[in-house]
Amino acid sequence: LNLGLPPIIENRYFPLIAKNLKQDHLLNKIETREYGSKTTLQALQNGSIDLALLASIDPLSDPNIQTQEFDRQPFAIFVSANHALAQKKEAYFKDLKNEDFVLFKDGFIHNQAFSLLASRNHFRPKVIFRSNGTHSLMNLIAKGIGIGFLTAVVDPPENIVKVNLLDKDVPHFVTSIAYRRSHIFNPLQEKILNSIQASLFSESSSAKS
């Protein structure tokens, strides 16, 4: 089974999935494709992958794609521990007008949420660097090169502080299992899907309780 797995979702959720897949002797039966959620959705739509864990800022409305939402978290700002905002730990997006940002490249749902907030606040943020890697962005943020805009799902290292946004209706990072309605899962793929669902919905229930 070809599984689309965006980097942040892979870091946060895949260890739990992999543990259960290994116990079920299924881990070596999957091949992963790692790229941003927008690119992952396109790969799912064109049949390049069979199944995906992907993010959106709204529930997906593609009539050809079946989705099962398993989590949603707000977006937040990430700054160096030495940044002035690190002490406040909360801010309005409009207060970031003069900040330098380091963001993901195209293909990540983060950019859609970021553009939405920028449009609402009527300014064009200064983006000084873009990367495909979470680790790369975290290194730049830690060094004070710029501040980041990521989902609150990300657990920052000690030298980086997550700053919650005070804006009303902050976009959420909605994570879902997704597959084409037309895809017929063979028995092995069905086992893999069931194992992934059990892992994610068990985790979701535990978090809520």
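When I say contact, I mean heavy atoms within 4.5 Å. Keep in mind that this is a predicted model.

Let's start with Leu51. Which residues is Leu51 in contact with, leaving aside its neighbours within four places in sequence? The list includes Leu1, Asn2, Leu3 and Gly4. It also includes Ile177, Ala178 and Tyr179, as well as Phe185, Leu193 and Ile196.

Now the core. The largest nonpolar core has 59 residues. Leu51 is among those with the most contacts inside it, and so are Leu3, Leu53, Ile77 and Phe149. Helix α1, residues 7-23, gives the most to this core: seven residues.

Next, strand β3, residues 51-56. Six of its six residues are buried. In a regular strand, side chains alternate between the two faces of the sheet. In β3, both faces are covered. Leu51, Leu53 and Ala55 sit on one side, with Ala52, Leu54 and Ser56 on the other.

Who pairs with β3? Strand β1, residues 2-4, pairs with β3 in the parallel sense, over two bridges. Gly4 has Ala52 as its bridge partner in β3. Strand β10, residues 172-180, runs antiparallel to β3, and five bridges join the two. There, Ser56 has Val174 as its partner.

Last, helix α4, residues 109-120. Its 12 residues, at 1.5 Å a residue, should span 16 Å. The end C-alpha atoms are 17 Å apart, which agrees. Buried residues in α4 include Ile109, Ala113, Phe114 and Leu117. After α4 comes His122, with a positive phi near 60°.

Note on methods: Residues are numbered from 1 along each chain as its sequence is written. This is a predicted model: local features need pLDDT of at least 70, side-chain atom pairs count only at pLDDT 80 or more; totals for chains, interfaces and linings use all residues. Side-chain values use heavy atoms; hydrogens and water are left out. Helices (H or I, at least four residues) and strands (E, at least two) are DSSP runs, numbered from the N terminus. The expected span of a helix is 1.5 Å times one less than its number of residues. Buried means under 20% relative accessible area, exposed over 50%, partly exposed in between (1.4 Å probe, protein chains only). A nonpolar core is a set of buried Ala, Val, Leu, Ile, Met, Phe, Trp, Tyr and Cys residues joined through side-chain atoms within 4.5 Å. Two strands pair if DSSP finds at least two bridges between them.
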